[in-house]
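Me: Could you walk me through reading pockets, buried residues and strand pairing in a model?
Reply: Gladly, let us look at one together.

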Amino acid sequence: MTPSSLVDTANQYLHKLCIEILNRCVGSQGNRQATDFFAKKMKAFGFITECPEFECIDWTHGEAYLTVDGEPYPAFVSPYSLNCSVSAALSSATTVEELESLEAANNILLLHGEIAKEQLMPKNFTFYNPDHHKRIISLLERKEPLAIISATSRNPELAGGIYPFPLIEDGDFDIPSVYMTEDVGYDLAQHVGEQVSLKFEAERVPATGCNVIARKGRHQSQRIVIFAHIDAKIGTPGALDNATGVIVLLLLAELLQDHTPSLTIELVALNGEDYYSAPGEVHYLKSNPNQLQDVYLGINLDGAGYLEGKTAYSLYDCPPETAGKIHDSFPKHKGFIEGEQWYQSDHSLFIMNNRPALAITSEQFTHLSTYITHTAKDAPELVDPSKLADIAMALQKLVLQLDA
């Protein structure tokens, strides 16, 4: 393929994943359309392809109606919340210590201030779940409020660019919840002790999803794994997070279709990085017990292709020879720059298993995570398809060098 044809193809894939397919959230019909499309393309490019399934939930919801003495307060339904229709006295807590001493049973509980500064990890999330998050979740379940309202600001490290962010996003947590801005929360807090009404419709729908794993190569003893998460957050087109990563995999597969490598090349569309329980990541690790030791290099694509700035790459525990080949394949004068290390994505799967890893994203990663990702702003207009073509060609060069 010529560079110009790669750019044209990248544009077509971007339209497919972000315009034709309206929702790539795990468990949704759109998510299944995306994984089916990826698998079909990989087979056409000569890769042996499998789609191992896992159980998950889809989720539907309506608008939240929160009132005090008939006065409405704007609020948003927390992702994966259960249905709610309650009227009860309002109680509130701003710290864990206040929550510890609070009698909240049969009340509607407002969490604001310090206790609501950081998005709580889902109760069964296995990769990162600090003790203070577990303590808050445990207290909430023990206190048994009828519903929870959280007033939040920004938390890009855990919640991305969404404002306000949902304090609770957990399909395993069964107390209905909504979230609102800090300013609205401050106004609502003036009504502690008064009767509050909260109503919304929501439903968890049993579903399935799958990873897509495409392989080629003569030997199974060593493999290069290149992956991108194919799912997107609820309410976002997910162009940079992470249709662009999937597009690079598709372009690379076409570039490698006539190459029969000695190493195994594994191109993986992981499904769940933006889902509360990361089911695709969990399934991938379970299906590779003690086998990540045969991974020569794990390469993660996430947030690449932003129209501003360069493409940033970062290395993790790479041997000198591998690092040298990476630097040779991603020269700075062609729009690439070695960036700072970051860990909020799927390359952490390999880092935690002591395998060499390479992460590819945008130089403006901090700006994207603070204002764009996980929001409706993450649209195709922010993508430069020529950068996706450049990344695919750089990865082709790297694969050929590693396979030499």
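Me: How do the residues of the lining of the second largest pocket divide into nonpolar, polar and charged?
Reply: They split into nine nonpolar, five polar and two charged. Here Ala, Val, Leu, Ile, Met, Phe, Trp, Tyr, Cys and Pro count as nonpolar, Asp, Glu, Lys and Arg as charged, and the others, Gly among them, as polar. Before going on, note that this is a predicted model, where local features need pLDDT of at least 70 and side-chain atom pairs count only at pLDDT 80 or more, while totals for chains, interfaces and linings use all residues. Residues are numbered from 1 along each chain as its sequence is written, and side-chain values use heavy atoms, with hydrogens and water left out.

Me: What is the volume of the second largest pocket?
Reply: The general idea comes before the number. Rolling a probe the size of a water molecule over the atoms shows where empty space is left. On a 1 Å grid over the protein atoms alone, a pocket is an open set of points where a 1.4 Å probe fits, with protein on both sides within 12 Å along at least five of seven lines, and lining residues have an atom within 4 Å of a point. Grid points are joined across faces, edges and corners, and the volume is the space filled by probe spheres set on them. For the second largest pocket this gives about 290 Å³. Its lining has 16 residues, and Pro 79, Ile 162, Tyr 179, Ile 234 and Gly 235 are the closest to its centre.

Me: And how much space lies in the largest pocket?
Reply: About 960 Å³. Of its 40 lining residues, Glu 157, Leu 158, Glu 273, Gln 344 and Ser 345 are the closest to the centre. The lining of the largest pocket comprises 18 nonpolar, 13 polar and nine charged residues. The largest share, five residues, comes from α11; helices (H or I, at least four residues) and strands (E, at least two) are DSSP runs, numbered from the N terminus.

Me: Is Asp 378 buried or exposed?
Reply: Buried means under 20% relative accessible area and exposed over 50%, with partly exposed in between (1.4 Å probe, protein chains only). Asp 378 counts as buried because its relative accessibility is 0%. This residue is in the loop between α11 and α12 (385-402). Its side chain reaches the backbone nitrogen of Leu 240 at 2.7 Å, a polar contact (N or O atoms within 3.5 Å, one able to donate a hydrogen and the other to accept it; residues adjacent in sequence count only if both atoms are side-chain atoms).

Me: Where is Asn 211 found?
Reply: Look in the loop between β11 (202-210) and β12 (212-216). Asn 211 is buried too, at 0% relative accessible area. A polar atom of its side chain lies 2.9 Å from the backbone oxygen of Gly 280.
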